[in-house]
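Have a look at the model, then read on.

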Amino acid sequence: MREFAYVRAADPAEAAALVAERPDAVYLGGGTNLVDLMKLGVAGPGLVVDVSRLDHDRIEHRADGSALIGAAVRNGELAGDPGVRERFPLLSQSLLAGASGQLRTVATVAGNLLQRTRCGYFQDVTKPCNKREPGSGCPAIEGAHRDLAILGTSEHCVASHPSDMAVALVALDAVVRVRSADGAMRTVPVEELYVLPGDTPQRETVLVHGDLITAVELPAPPPGAAMVYRKVRDRRSYAFALVSVGAAVSVDEAGRLADVRIALGGVAPRPWRARAAEELLRGQRPDEGTLRVETLREAARAELAAARPLPDNAFKVDLTIDLIVAAIRDLVARKDRA
């Protein structure tokens, strides 16, 4: 591990100034991903600025049903918050599916959003990786890619995004508050926070050096919305998603699907909003208490039409379709029983 300086920032202005003035400076939240990457030699910052103790550690539930979640809130606290469990169960479920209890007590909201891919080639400094060293190649395409992406990839990178929480936040139309190094504030939808690899796989978000996420805003869910997070993984505990889905539906007075939101994890370099599937399902009327399975499959297949699977992860196409169908059928059945 490279030697580095450590500073505990007193306030956001100091934190941003310290990071902005040094290209090799990074923010430290819980450190559950950063420290691992430093040990592996993937990350080698010269300055680590600790922002975990800034005044961004609160959860605020508002009267209109929305919520403001500080960037330094720990994942365990967020998952167990009564208001989150009641109004945004999809978010709580994603966090509980995302890591061990020990990690959830340390990991922060912003750190979870900005964690790096678990692609084995990215984490192994003895191997080439365009994300780590642009232009060096992507051996995953011809090598071990079973767990990697099938949507939004490029010839330069097929890595998948690891965050469960980010999938839930995309389905919930959440936005992040970002403080620039000059003190200016802006908001970015979580869906737009991440960029696809294209020919610049080393660039993963729209953030620039010195930007600091200060909070996540959750709009109020649609009235009566039912939501769920489902995750398929190789083992029950402490495993990243092969495929996951965060879904929310609401039904109007005429019995039609008024609002349908579907976000996918484990299948793309960023949390993937399934807009094509949503569009086909919105306005559909459940038939005798359940949506026709073929209608659901048609919508899911439309979303996966753009998939570019590799030989060892082609199974993810059918698995994703099955998971979307199962999640929406479950939610519609819940609405029927309500």
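Which residue in β7 is the bridge partner of Val 178? That's Arg 186. Before going further, a word on ground rules: this is a predicted model, where local features need pLDDT of at least 70 and side-chain atom pairs count only at pLDDT 80 or more, while totals for chains, interfaces and linings use all residues. Residues are numbered from 1 along each chain as its sequence is written, and side-chain values use heavy atoms, with hydrogens and water left out.

**The sheet**

Strand β6 (residues 175–179) pairs with β7 in the antiparallel sense, over five bridges. Strands here are DSSP runs of E, at least two residues long, and helices are runs of H or I, at least four, numbered from the N terminus; two strands pair if DSSP finds at least two bridges between them. Both β6 and β7 belong to an open sheet of five strands, in the order β4-β5-β8-β6-β7, with antiparallel pairing. At the edges stand β4 (59–61) and β7 (185–189), each with a single partner strand, so one side of each has no neighbour in the sheet. From one strand to the next the twist averages 20 degrees (axes are lines fitted to C-alpha atoms, and angles run from 0 to 180 degrees between N-to-C directions).

Across from Arg 230 you'll find Val 245 in β10.

On a 1 Å grid over the protein atoms alone, a cavity is a set of points where a 1.4 Å probe fits but cannot get out; a pocket is an open set with protein on both sides within 12 Å along at least five of seven lines, and lining residues have an atom within 4 Å of a point. A search of the whole structure turns up one cavity of 30 Å³ or more.

| Space | Volume | Lining | Nearest the centre |
|---|---|---|---|
| Largest cavity | About 70 Å³ | 13 residues | Cys 119, Cys 129, Asn 130, Cys 138, Cys 157 |
| Second largest pocket | About 400 Å³ | 27 residues | Arg 118, Asp 147, Ser 160, Phe 240, Ala 241 |

Helices α8 (120–123) and α9 (164–171) are the elements giving two or more residues to the lining of the second largest pocket.

Technical notes
Points joined across faces, edges and corners; volume = space filled by probe spheres on them.
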